[in-house]
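Please open the model beside this report and follow along.

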Amino acid sequence: MTTPIPSPPSLPFIGNIASIDREVPHRSFELLADQYGEIYKLNMINRTTIMANSYELQNELSNEKRFKKAVMGGLVQVRNGTGDGLFTAYNEEENWGIAHRLLMPSFSTAKVRDMFDDMTDICDQMIKKWERFGPRVTIEPVEDFTRLAFDTITLCAMNYRLNNFYKESTHPFVQSLVDFLIECGQRANRPGLVQSMMYGANAKYEADIKVMEDLCNEIIADRKANPIDKDDLLNTMLNGVDKKTGKKLPDECIRYNLLTFLVAGHETTSGMLTFTLYYLCKNPAAMRKLQEEVDEVLGDEPIRLDHIGKLKYTSACLREALRLEPPATSRVVESLEDTTVCDGKYALKKGDKIAILASRTQTDPKVWGEDSREFKPERVYGENFEKLPQSAWQPFGYGMRACIGRPFAWQEAHIALATIMQKFDIVLDDPSYDLQLKQMLTIKPKGFLIHAIPRNRTTTPLGVAPTSALVSGPQQSRAKVDAPAVATSELKHKLSVVYGSNTGTSQTFAQRIASAAPAHGFAASLGTLDSISAHVPTDGPLVVVTASFEGEPADNAAHFCEWLFNAEGAGKKECEGVKYAVFGCGNKDWVRTFQRVPRMIDEKMEERGGKRLLERGVGDAQAAEFFEVFDDWEAKLWETLVKEYGVEIGDKAASAVSGLSMETVSDGKERASNLRQADADLGKVVENRLLTSPNALNEKRHFVFELPEGMTYRSGDYLAILPTNPERDVHRVMARFGLSPEQQIKLASVGPTSLPVDKPISIFALLSGYVELSQPATTRDLRVLMATDCPPETKSALETLLASYSAEILARRLSILDLLEAHPALALPFPTYLELLPAMRVRQYSISSSPLHDAQRPSLTVSVLTAPSLARGADKDAELFLGVASNFLARLRPGDVVQLAVRASAGGAFHPPEDPAVPLVLFAAGSGLAPMRGFLQERALQKAAGRDVAKSLLFFGCRAPGEDYLYMSEGEELKKWVEAGVVDVRPAFSRASEASAGCKYVQDRVWHDREEVQDMFNNRGAKFFTCGSSKIAQGIRKALTKMIQEARPEFDDERAAEAFEKVIQGRYATDIFE
């Protein structure tokens, strides 16, 4: 007896069309595959399609005795331009057979080898363009790879030059083709009546087809009028006679096939190269191995034909990218008879259409492992590729209707990728960029931008985008400035400041150093560590500020670390001539990996020929003296640099003004006319509701956002929010300095700054959105305040605070504003105040939903920080301390627009396993429940879709059942998931432990229920996840380590901790916040 094929709920008349993303339907198909598993069925108005998502189905559907290629959906519409060309012909059409037999020999490996010189000709044009642009120009690879593919196919197949690399814009044919393909995809999902009424779209569609036909007809006519003796594809089609039928191809079919080559040839090749470059940028170890292979095979020589067969790792990188993101997202087959699949589980009728979703069939964990969605070229390298099961890798299709141009595309891609790796170091324009898609006939990356840095050159850091896509990069004023302490012309010494930062702390410290540079006689540049990978500057001192994230580098430092740590040969001196200093940020709670990255950078740079100017600074983020340690290290840095480089400057200690000046533009009597406008990073608030009881000590809220178009997320990802300061605190600053909120100013700076320069801005907008007002003052800030004009008693009070900095400033969280209000005699200039303030940081919140629920509407679960102000002491009437981001969120209403971005989880490990049959053990407290809710929502939807889902175990800590037991009220999701058997919740109530088995905290409940925890780990293969503060994470770790000691009494604490580290590899992930 067969099992019905599952199907998502549908609507009358329109079926499932409303649940499919109109811009990128492929993403919807993937999400449905994640929810329903190996197979599901869609009703798409005018057709029914079965989606196959497993290797088992792909292999079975590749049997050409039972299934044949089906032309349907968008391909039917593409036939309006390509007719019975090779790609869109129906199986029974005669011209397909004629063309296939004539052209197969022309696409043989031997014939493609003859096209090598033409391919390198076009590739060299692209390389010269990148070299001419230089490292600071942003490149959109998909655009240039499209030019490359178009020009290559027209030259090799038709001896015709489009010359796209010699024009500002591409040939009109290219844009017409792009528009044509987009419209084909949209037409496939429109009812006929609706389509017939879209007069403008129909006219544009016909015009695009005419543009394409005209070029093909021109090429054919030119060849007929001016024959050439060249064995290319065009001559083959014009002159060839099919041996089987004795027929030649008609001119119309020749035109169809020319257009087919341009459509299929450019789409897949440009997509393959762009996806490969993306994955290499996100995986620096693979990038390094690829460059090492290219250097070994090519050296400094131009690529030759005999090189290609030796580029085995290059092949593996291309294969792996095609496995993960095949540009042709699916192929459709038709059942030739009534049959069953999956060992008789599902019934198919003759004529049923089945779409094989390649991005899921090629990432089936049963074949590729639990890490199937990670980029690992080694799995398709050499003999590993040969050992794959039959039909496991099919990005070029299968059988008689497989891509005829595969050897052509393969050779072209090898030439391009190897030459790029030989000539350039590639870095992301925005290191935080995660893959977004755009879809036409195929898929390609959207918004993927890079810098191509020529190799083997001396450079200064690129001013590339910071870690967050929400904050503009460092700016330097172009205006003439009269007020700064040191004029630009006097700054004869270069200083390169680079950082590795995910959360913004290291970036803030680096910005402070760069901003202070002019006052010490240095002209600073600011960039990411990746921007100097393989090109460490030697024309001035280098200052590195970076962090470790569980022992791994920040996203924008990964390429640099891979290059520095793994350079071959102990005698190599990549850093010879470099004078450097390193400051490291970290958290000492993670003893095993504390300062690992800063320490290794410091050691490796010296080992490879660099000169250390100053002992590495060691900052511990959880320590009270974190900022004080940095201030002391920075002071030593300037002393060292001034001495090392013989800089002669005046007494800066007495000057409170450095590189920032201010010009009043408006007297503030008129309201500013220019308001912020929406851009690609603007999301909209859909929901903001209270989760806790009205009398709860800590308010927690649930938010839902509408993402910008093209932005997607996974369970376990973050939503980064760019907040604004509380209005109350903004008004406090304006009152202290006697400023009007509508007053407009214009800032200018001689060095890099995160403040808006060279343009008018209102005081209110500046203070609201560009600076942090509530951060504790640093020791440097106190010294600057003491250097201003102030009475002796004020200076004495500040000296007392400085002497007891940890207790008086950090413990009470006294900000610069608090100090200015407490000491009204301090005559601090407003520009100096601005320069002392850290730049506004984005705040990352774990997403608390699954894209299977709604891919465009993630939710957050946030604890709103409102607490008595420590700065005010025992003053009961004092204003409360307001957390910047959480209170910003709490003020939002549905319809409000917010700057946001999706950020991948640290290290990419904090995601539920692909197989829902793997149990989860989850540990969380308070708003740390957020990602766990997303995991469980995903499991609940998979279970509802009929998949085999293991029950999970959730340990959750909060205060009391009626106060903050999140999502467990009657009718709430978590309670429903408990009832549905998705999860078993084990609470720990700190204020009502009698209701939680006597357990007060999460770690207490874990120890209480340790037998079940051990069973989940030892016998059921569960994956463990913790989300919460470092205190909670340490408590969970101690409880789990204690279980090891209970089982092995001979283990002391150290040995038990070592055993814990070994057994959790690959099975335990943490998401820690402060």
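## Ground rules

Contact, as used below, means heavy atoms within 4.5 Å. This is a predicted model, in which local features need pLDDT of at least 70, side-chain atom pairs count only at pLDDT 80 or more, and totals for chains, interfaces and linings use all residues. Residues are numbered from 1 along each chain as its sequence is written, and side-chain values use heavy atoms, with hydrogens and water left out.

## The whole chain

The chain holds 38 helices and 33 strands; helices (H or I, at least four residues) and strands (E, at least two) are DSSP runs, numbered from the N terminus. Its radius of gyration is 31 Å, close to the 31 Å that the globule rule gives for 1074 residues, so the chain is as compact as a globular protein of that length. The radius is taken over C-alpha atoms, and the rule is 2.2 Å times the number of residues to the power 0.38. Along the principal axes, the C-alpha atoms fill a box of roughly 105 × 70 × 65 Å.

## Two partners for α15

Which residues of α13 meet α15? They are Ala-286, Lys-289, Leu-290, Glu-293 and Val-294, and on the α15 side they meet Lys-312, Tyr-313, Thr-314 and Cys-317. For the classes, Ala, Val, Leu, Ile, Met, Phe, Trp, Tyr, Cys and Pro count as nonpolar, Asp, Glu, Lys and Arg as charged, and the others, Gly among them, as polar. The axes of α13 (residues 284–298) and α15 come within 8 Å and cross at roughly 145°; axes are lines fitted to C-alpha atoms, for helices over the stretch in contact, and angles run from 0 to 180 degrees between N-to-C directions. The crossing of α13 and α15 is left-handed, a term for a near helix turned anticlockwise from the far one by less than a right angle (right-handed if clockwise).

Helix α12 (residues 251–282) also packs on α15 (residues 312–324), with axes that come within 9 Å and cross at roughly 100°. That makes α12 roughly perpendicular to α15; angles of 65 to 115 degrees count as such, under 35 as roughly parallel, over 145 as roughly antiparallel and the rest as oblique. From α12, Met-272, Leu-273, Phe-275, Thr-276, Tyr-279 and Leu-280 make the contact, and from α15, Cys-317, Leu-318, Ala-321, Leu-322 and Leu-324. By class, this contact has ten nonpolar residues, one polar and no charged ones.

## The α26 and α27 pair

Helices α26 (residues 779–787) and α27 (residues 792–803) bring their axes within 10 Å and cross at roughly 165°. That makes α26 roughly antiparallel to α27, and their crossing is left-handed. Thr-779, Leu-782, Arg-783, Leu-785 and Met-786 of α26 touch Lys-795, Leu-798, Glu-799, Leu-801 and Leu-802 of α27. Six of these residues are nonpolar, one is polar and three are charged.

## The antiparallel sheet

Six strands form an open sheet in the order β24-β21-β28-β19-β20-β25, with antiparallel pairing; two strands pair if DSSP finds at least two bridges between them. At the edges, β24 (843–846) and β25 (859–863) each pair on one side only. The twist averages 40° from one strand to the next. Strand β21 (residues 718–721) pairs with β24 over four bridges, and Tyr-718 stands opposite Ser-846 in β24.

## The parallel sheet and its helices

Another open sheet has five strands in the order β31-β30-β29-β32-β33, with parallel pairing. Its edge strands, β31 (983–989) and β33 (1068–1073), each have a single partner strand, so one side of each is left without a neighbour in the sheet. Neighbouring strands here are turned by 10° against each other on average, direction ignored. Strand β30 (residues 952–958) is joined to β31 by seven bridges, and Cys-958 stands opposite Phe-989 in β31.

Helix α32 (residues 930–944) lies across β29 (920–925), β30, β31 and β32 (1023–1029), at about 145° to β29. Helix α36 (residues 1010–1018) lies across β29, β30, β31 and β32, running at about 140° to β30.
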